[in-house]
Amino acid sequence: MFKKPIFLCLVTIFSFSLIFSLNLELSAEGFYEEDKLTDRLGVTLYYTTSNFDIMSDIAFYNDDKYHFYEEDYYWGHYFLIENSYITLRNYDGTISLSGGIKDLKDEINSPYSLFFSSEKISQPYFEFSYENDNFFFETMWVQLVSKNNGNFPDSTSSMNYKLYGLKVGDFRVGYQDVLVYERAFDYYYLLNPMPAYFAQEFRSSSNNMPWSEDDSNDNSIMGFFFDYNDPNYYLYSQLLVDDFNTNRFFNPEGTQNPDKVAFSSGFNVKSNIGTFGLHGAFATRYTFQRGGGPGYTIYPENTYNGETIDYTDNYIGYKYGENTVSFLMDYDYTLDNWFNIYSSFETILSGSKSPTKKTAPNSGTYLLDEDKLEKRYIYTLATKFFFKNIELNLSTNMGVIQNKLELDEEKNEFVPSDEEKNIIRLNFGIAIKF
């Protein structure tokens, strides 16, 4: 049988870059953790103009996180398509159409962004956006689970995301919303500029109107953000609401349903000796879980083929999920465009969480109310060196996890355990641009 090792793929990609004058970046990283050495090999091919972008970004891993049926052909590696998309813009760049597979990014620049995780969440998408000097708008469809996915039979889910915003100088304010539904595609949500709450309620099966639809029990999530960005400061706040208890105002004697909310805020201060940052976030329990409709996760289950899906790989939004409080202090400094140093200290407190289980009670708001909580304390130090088209990097993560969250398959929840784990991780790599 013909073998297809990595170097043949690299030769093909390198030939394309020469023939079509595309930009090529090759990277190699090594990771040492728990007495185990693994690697990541990355290939990025891209071409960018004012009116057209094409990006192909693929990475090969041998960390045993996933297993590829042809991994023997790639020296024991599986591969991930992290970015592969095309973007078209009009003559002045105000209108943009984009589609493919993309590492989705939130509107705010934060380690604790709420609508799209600051972790790599790469999904198939189609996006239309508009932006001028005072206004910006975006509507996007994202595929989550295809009907052909054999790991989750009879599961199909997608989402639509919208963004509406105003700009005044260095200040921006915006409204964000999401609709998650158990269908492959819904053009009504993509093309309808109406905010998600009204678009969903209009045709909900609960309305018993002539146009209501039985399969439209969809989940609406909404929120707001503001940020301010000038040469010396970046400040932001973001709020996400899945459900809010209005009975406390209008019916205080009635059922007080749980508040399902998340909040993130922080700032960076830029100076000639570096950039200093402080960031914090929290999400109440049940915020991203299933309720009247699907939850805010990529996959409908916590496991596949007997393997556990790390919850940070499943949440679409805030990477640590519900029932969590986190803080991060960091420092970033670049010297004469040839040397960069980054340092941070992070604290995360987490209680029980189940991304895929409908467990919310009828009343009461909960946040870290358990006797046992997971506690993470992580220190990061990273350096980069730049030499023309070559980049060298070296970093380390050190810390401890107390009462580590483990999946209880019977409860279908991640719960604090008695396990304590030390974190010592080294990362070293090189990247070359052609």
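Does Phe339 count as buried or exposed, and at what relative accessibility? Here are some notes to read alongside the model.

1. Before we start: this is a predicted model, where local features need pLDDT of at least 70 and side-chain atom pairs count only at pLDDT 80 or more, while totals for chains, interfaces and linings use all residues. Residues are numbered from 1 along each chain as its sequence is written, and side-chain values use heavy atoms, with hydrogens and water left out.

2. Back to the opening question. Phe339 has 17% relative accessibility, so it counts as buried (buried is under 20% relative accessible area, exposed is over 50%, and partly exposed is in between, with a 1.4 Å probe and protein chains only). Trp338 comes out at 35%, so that one is partly exposed.

3. Now the rings. The whole structure holds 31 aromatic pairs (rings of Phe, Tyr and Trp, using the six-membered ring of Trp, with centres within 6.5 Å; planes under 30 degrees apart are stacked, over 60 edge-to-face, and the rest tilted). One of them joins Phe116 and Tyr161 edge-to-face, at 4.9 Å centre to centre and 70 degrees between the planes. Phe116 is in the loop between strand S5 (95-103) and strand S6 (122-131), and Tyr161 is in strand S8 (residues 157-168), so this pair ties together parts 45 residues apart in sequence (strands are DSSP runs of E, at least two residues, numbered from the N terminus). Both Phe116 and Tyr161 are buried. Trp338 and Phe339 also pair up, this time tilted: 5.6 Å centre to centre, with 40 degrees between the planes.

4. Next, look for the largest nonpolar core, which has 43 residues; Phe116, Met159 and Tyr296 have the most contacts inside it (such a core is a set of buried Ala, Val, Leu, Ile, Met, Phe, Trp, Tyr and Cys residues joined through side-chain atoms within 4.5 Å). Its largest share, 4 residues, comes from S7.

5. Tyr296 deserves a click. Leaving aside neighbours within four places in sequence, its contacts include Phe116, Met159, Phe288 and Tyr315 (contact means heavy atoms within 4.5 Å). Tyr296 also belongs to an aromatic cluster with Phe288, Tyr311, Tyr315 and Phe414.
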